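Welcome, and thanks for opening the viewer. Let's walk through this model one selection at a time.

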Amino acid sequence: MSDVRARPHAIGSPMDRIDGAQKVTGTATYAYEWPVEHAVHLYPLQSTIAAGRITSVDTAEAEAEPGVLTVLTHLNAPSLTRPDDPELAVLQTDEVAWRGQFTGAVVAETLEAARAAAGLVRFGYAPREHDVVLRADRDDLRKPEHAAQFGSAPGDLQDGSPADSLLGDADAALDSAPVRLDATYTTPMYHNNPMEPHTAVVSWDDGALTVYCSTQGSSFSQMLIAGVLGLPPDRVRVISPHVGGGFGSKVYPHSYAVLAAMAARTVRRPVKFALTRQQMFALVGYRPASIQRIRLAADGDGRLTAIAHEVAEQTAKAKGYADQVAVCTRLMYTAPHRRTTHRLAPLDIPVPTIMRAPGEGQGMFALESAMDEMALACGMDPVEFRIRNEPEVHPESGLPFSSRHLVACLREGARRAGWERRDPAPRARRDGRWLLGSGVAASTYPSPRLPGSSATIRVTPDGHHRVLIAAADLGTGTWTTLTQIAADALGVPVEQVEVRIGDTALPPASVAGFSSGISSWGSSICAAAERLRQVLESDHGGTVPAQGLEVTADMPANPDEDRYAMHSFGAQFAEVRVDRDTGEVRVARLLGMFDVGRVINPKTVRSQLMGGMTQGMSMALYEHSVLDPRFGHVVNHDFGQYHIAANADVHAVEAHWVHERDPHTNAMGSKGAGEVGIVGTAAAIANAVYHATGVRVRDLPITLDKLLP
Amino acid sequence: MKPFRYERADDVSSAVTALAEEPEAAFLAGGTNLVDLMRLEVATPEVLIDVRRLISDRIEELPDGGLRIGAAVPNSDLAADDRVRRRYPMLSQALLSGASGQLRNVATTGGNLLQRTRCPYFQNVTTPCNKRAPGSGCSALEGHQRDMAILGSSPACVATHPSDMAVALAALDAAVTVRGTDGERRIPVTALHRLPGDTPERDTVLARGELITGVELPPPAHLIPSRYRKVRDRASFAFALVSVAAALDVADGTVREVRIALGGVAHKPWRATTAESALHGAPATGESFRDAAAAELARATPLPGNAFKVPLARNTMVSVLLELLEEGR
């Protein structure tokens, strides 16, 4: 493994975003904005029942409208190759699996004509009684299996983990301990809601497909789209340099791109398609709701003796997605007896997907709320209670951590937050009509690398290095940080490095998800730089030949991945104000202290962590997709009704980090920083709300009605 | 979205005539709500008659010391007007608590009054709604009830009126001037909007073709201190769960004059006349305020999903009145 840690020039500097000027001047080209000649427009049709069959289709009136080229439904849609992902099999049957599923598409010369004609298509249905309600006492909860979505990892949950874990005799320990907690926490359905909607601009040319698509992984999209259309991957090019946010929803699914590709093949014209905000609530995934029972047992000294975390979560009958909600509980705290389980309720609802720290986001709300309750039950300070139960190795696998500075985060975060001045009594401080409180919670998120990345470096005699990899920048700063990594790996200034991303004409890259991007792509770039150095020395005497030189390297294996548990950590501190009369909550201050390994770019990392903490606040207090059990749709499916934290909600947000490198994760010494900032925020806020009011809210979001006197 | 024609009339009377003659026409001013509803196919006018340039966008002094606000005055201009901020602070506060800066720049005074409910079932053509499709049923009655009414609702409709500005205008005894084919008339804001009854499709008492041309504010008299407080699910850009517009005048520990209007609780801005009557001449104390709020809410008919609005409305009324009492000392 090449070691770039010895020569820090670009890494660690707060370099401005390479794409910053383009973004702020509006010249960055997003998927829908690519100029395509003679394009036509697609407007989708969606089911208005939650389960059943389409019995009749009347497209005559729509097809007669001026400007309409075709109306696709399951009756005339091209056949697709049977995909591994059932969500991609658009318009292949008369079955309706959820309300809002694609049932067709109108293609017309203008968007207005397509949209108007869409209102004229009539479907007849034979509805089946649908079932959309998650309850922990359902008798049909089932153990998830083969839900892994990334790489080749086998496993039951989407991260490749097994559904259950068991160590010791948790039940006996839970029954006999002097201090016990048994509490149930719930998190609702949440929608990802990136600013830029999901879009695809698709054109066919001599049997080859070009897709301008807003995606978190152009290589992954290429594979999926080619597979379902029955094409070799090299006949599909996906172009996606700029992505206006994804939050997980642009890894999966790409049913909209498949629909646009089918339409383009049918009308033999380029097709443009952008989902509306309302459509996004049925078609591009969400965080499934969870019901989590946590039981903790401790001895008289505040040492945990048993931990149990049992999860029931929503999934779709159409596809058995399963978040790893309780996996965080396997690694956070030491205890001899432990059990975690995941069970799914398959429902007639849209297909869930990864969203903003999937699994850990929900799980750590429950675990870290329970830890706060347990600290109180043990009569301990919540910071000290966590430190007392800090494990030396991974409590279930026994592997050492590649690095784990959670205790340092808790201690330093507490110092910065002024924690030592805190009176632990609840409902004891006031400022006028506002009740004041503070709370703490720990954070964690895995720091994996995903397989499937290669990087090419082309150097010219004038010292210009072009670095090619189909990575994705979701607005996080990837473009910039990869430039910094490449510059240090090559031993040249950043001005001599030009990184190209977001195009399957480049070497492949794993998806931007799972907080894995920089670890995976950066490792590949470092390997390519190392190979360039070797080839230059061995074949060219250290001098770049006149015609230039090009090398390509795959992401190198890292044997440490089997020897160490690799995770980021953090400690979050929240200060809240709660209106005594109305229950309104304001978060006056959030302070996060993180362990994310070596920081590549303090400016972009700070933005990611602060953005994550803001997402965590939004999850704690505002966001909530309301599913109507009678219809099976999300009622509040727009930004007027689905509340995300607004600027006025966000006050002081501080992100800091311990300056530690991880010796095992990758050549840079970095760890994942994209999602750990989200994790734990909700619990810190819930714990602070308890401290302010004396009311323990175990059901997110913490809305004012739950705190009304 | 259905295709439509766009027309501009030469003056108010021809606009009113044109609309009265076109069965599927609608007036267009700021369009911040109407155009959204057209995209959703909740509103499907065949003709839009743009009246924005026909009606006044000025704020003028009235001889009695009041103000006349042209119906085309943008919400942001009205909120920023120095006379409004000094004499009717609750109106400025109400406007600034609504929508966003961008929307307030475009939305007009008349349009704000006539905006439709944001009931999610009204706005979704795939679900039944008596207001949108009379006789189809009310989906909210047994559906998502958080934003629904607790006062004056009917089995046919439990929607709320979304305006903040209208709540302040109701408390201020403002009146709208309306032009129809039969000439001009004046309607108190408290009488402009209807309760749903059996005909929730009608939001207001306006006849077809009638156009709001302005809003008249009576002189502010001694109604200071006053304020508008909006309680909602986030700090900005959300509709009120409950809002309170109130003014309180106390002399020698006794309530001399009080105005209270509530938003977010009914199909119309809700003037709390029961609470006002209970408070007139009563001692200005927290106990009086609580009793008056309770009296007003005694008629509340909450649903399971919005029962919290009853204590919320009570607490917010009491809290605002106590603050006004403190301010007046």
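**Where the chains meet**

Begin by selecting both sides of the interface: 37 residues of chain B touch 32 residues of chain A. Keep in mind as you look around that this is a predicted model.

Now switch to side chains. The interface of chain B and chain A holds 3 salt bridges. For one of them, zoom in on A:Arg433 and B:Glu323, whose side chains meet at 2.9 Å, N to O. If you display polar contacts as well, 13 residue pairs count between chain B and chain A, both residues of each at pLDDT 80 or more.

Which helix gives the largest share of chain B's side? Select H12(B), which supplies 7 residues; helix H12 spans 309-328 of chain B, and strand E9 (226-231) also supplies at least two residues. Colour chain B's side by class and you will find 14 nonpolar, 11 polar and 12 charged residues.

**Inside chain A**

Next, colour chain A by domain: domain 1 (20-30 + 451-554), domain 2 (34-129 + 193-283) and domain 3 (131-190 + 285-396). Domain 2 of chain A brings 17 residues to its contact with domain 3 of chain A, which brings 14. About 1300 Å² is buried between these two domains, 58% of it from carbon and sulfur atoms. On the domain 2 side, pick A:Trp98, A:Phe247 and A:Tyr252: they lose the most area to domain 3, together 34% of what that side buries.

Finish at the 1 salt bridge between domain 2 and domain 3 of chain A. Select A:Lys319 and A:Glu87 to see a salt bridge at 3.7 Å, N to O.

Technical notes: Residues numbered from 1 in each chain as written. Chains lettered and ligands numbered in written order. Predicted model: local features only at pLDDT ≥ 70, side-chain atom pairs only at ≥ 80, totals over all residues. Heavy atoms only, no water. Domains from an automatic or database assignment. Contact = heavy atoms within 4.5 Å. Buried area = accessible area lost by both parts, 1.4 Å probe. Salt bridge = Lys/Arg side-chain N within 4 Å of Asp/Glu carboxyl O. Polar contact = N/O pair within 3.5 Å; in protein donor to acceptor, adjacent residues only side chain to side chain. Helix = DSSP H or I, 4+ residues; strand = E, 2+ residues; numbered from the N terminus. Nonpolar A, V, L, I, M, F, W, Y, C, P; charged D, E, K, R; others polar.
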